[in-house]
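Please read them with the structure open.

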Amino acid sequence: MSDKVVVTGIGLLTANGLNTEDVWSATLSGRSGLATISRFDADQYPARIAGEVSGFVPEQHIPGRLIPQTDHMTRMALAAAEGAVRDAKVDLTNLPEFGAGVVTAATAGGFEFGQRELENLWSKGPEHVSPYQSFAWFYAVNTGQISIRHGLKGPAGVLVGDQAGGLDAVAQARRQVRKGLELMITGGADSALCPWGWVAQLASNRISRAAEPDRAYLPFDGRACGYVPGEGAAMLVLRPAAGRDVVPAEAYGEIAGHAATFDRRSAAGTSPALRKAIEIALADASLTPGEIDVVFADGHAVRGLDDAEAAAVADVFGARRVPVTVPKTMVGRLYSAGPVLDLALALLAIRDGVIPPTVNSTPDPDHVLDLVLGEPRAQQLSTALVLARGYGGFNSAMVVKSMEG
Amino acid sequence: MPAQQVTVDDLRQVLAEVAGAPNPVDASIGADAALEDLGYDSIAVLAAVAKIERDYGVKVDEEGLPTAKRLSDLVQLIKSA
């Protein structure tokens, strides 16, 4: 029996689209969602560009009773999870009682909710703090709310590893399916676009301070000046290829390989650990570098980090030997949701035979990476590698593969 | 308004405000509707009681909260605060 774990449902919510097909068509046409922050008055802050989700009406996606107890990022998580379940065309009530679970990743928690309640605490007193603060700002809250909403009584968990955590959550969901689970909902959701969350992000010194949205996030470009934070949610439904009612031919593809590594302190700024993650993920997928058709890069747009990533990719694949893209240039870094969005885009790229572009960046023509710039590139694809790095030294790599592959 | 005059409708309003709209239940049940059936768990009750305590300047007996299963039970508890 096959132990393949396949993706049967995708749910996305980003600054350039409120559902999967909208995000995909916006991404192929290079439509950016980066703009000056509107959620709060950012004039007095050194950085002012973000990838805000606009036009999202939570009441259309979740019951009214969940509104007072959820942060914005949890509402997006619930909407994306619902989209993924719908896309998977699965009747959850048909699964064994403990046969389905949830594992998500989180980077920030519910900052907007937390800021409001902490303001209540300091300005009015403890009796004015919502009791929902007890869980609404936790890392684990999205996993909990998704499992309650969909009645999933199987294993539940949360991983925290900044951007890399998104891939690690999907890997953990794959482990659970391999252990016998019929279905896992997995992915990430993050948003910290309130003054408190914004200041917390600024502390990393990696946030772009550019004033113009189309000059703000330029990975692998000599003008790289840091990244633009985004917000959003990306959720997947994972099933065993041999599972109940699963039609493998209808799946988006297989989660074929994964590896996570951690950087040691290094004066040189190089990242042998990122290269190692790529190599182990390829080995886990039983693929050689020559069999990878496209790389979705982490693309921090921080000089040293870009150089290290470009070197790691060139070391494994050879200089300009594999197409590389950073579609997150259109929506910003979504933290835990970022690489899950990339996984989804990679699977859609395989489905449609087209690599989504990197926008705004213009690296030197002799750059060591073959970046797909400006326009999508039509190409038959059966495999993709997604890279993600997290603040503090997390590296994660994941390989997806078409069902025919 | 003193807490003694709090009605079931007042409580419904506070619950909806702090914990969201209730699940639909048979309207004929009225004040005897179970908090659980309305979709309000213990945290929702805590949130509502905290607001009533602030608004009316009273202190509701917390020991009695776990046994308040229906809207009418909770109103009784508030009135005796």
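1. Gly180(A) has a positive phi of about 125 degrees, and this residue lies just after helix 6 of chain A. The model is predicted, and that applies to every point below.

2. Helix 6 of chain A runs over residues 164-178, 15 residues in total. From first C-alpha to last, helix 6 reaches 21 Å, close to the 21 Å expected at 1.5 Å a residue.

3. Helix 6 of chain A is largely enclosed by the rest of the structure, because 12 of its 15 residues are buried. Buried here means under 20% relative accessible area. The buried set includes Leu167(A), Val170(A) and Val177(A), and also Asp168(A), Arg174(A) and Gln176(A).

4. In chain B, consider helix 1 (residues 8-19) and helix 3 (residues 71-79): their axes come within 10 Å and cross at roughly 100 degrees. Helix 1 of chain B is therefore roughly perpendicular to helix 3 of chain B, as angles of 65 to 115 degrees are counted that way.

5. Which residues of helix 1 of chain B meet helix 3 of chain B? They are Val8(B), Leu11(B), Arg12(B) and Leu15(B), and their partners in helix 3 are Leu71(B), Leu74(B), Val75(B) and Ile78(B).

6. Between the chains, about 870 Å² is buried by chain B and chain A, with 59% of it on carbon and sulfur atoms. On the chain B side, Ala19(B), Ile43(B) and Arg54(B) lose the most area to chain A, together 48% of what that side buries. Chain B gives 16 residues to the contact and chain A gives 8 residues.

Conventions. Residues are numbered from 1 along each chain as its sequence is written. Chains are lettered from A and ligands numbered from 1 in the order in which they are written. This is a predicted model: local features need pLDDT of at least 70, side-chain atom pairs count only at pLDDT 80 or more; totals for chains, interfaces and linings use all residues. Side-chain values use heavy atoms; hydrogens and water are left out. Helices (H or I, at least four residues) and strands (E, at least two) are DSSP runs, numbered from the N terminus. The expected span of a helix is 1.5 Å times one less than its number of residues. Buried means under 20% relative accessible area, exposed over 50%, partly exposed in between (1.4 Å probe, protein chains only). Axes are lines fitted to C-alpha atoms, for helices over the stretch in contact, and angles run from 0 to 180 degrees between N-to-C directions. Angles under 35 degrees count as roughly parallel, over 145 as roughly antiparallel, 65 to 115 as roughly perpendicular and the rest as oblique. Contact means heavy atoms within 4.5 Å. Buried area is the accessible area (1.4 Å probe) that two parts lose on being put together, summed over both.
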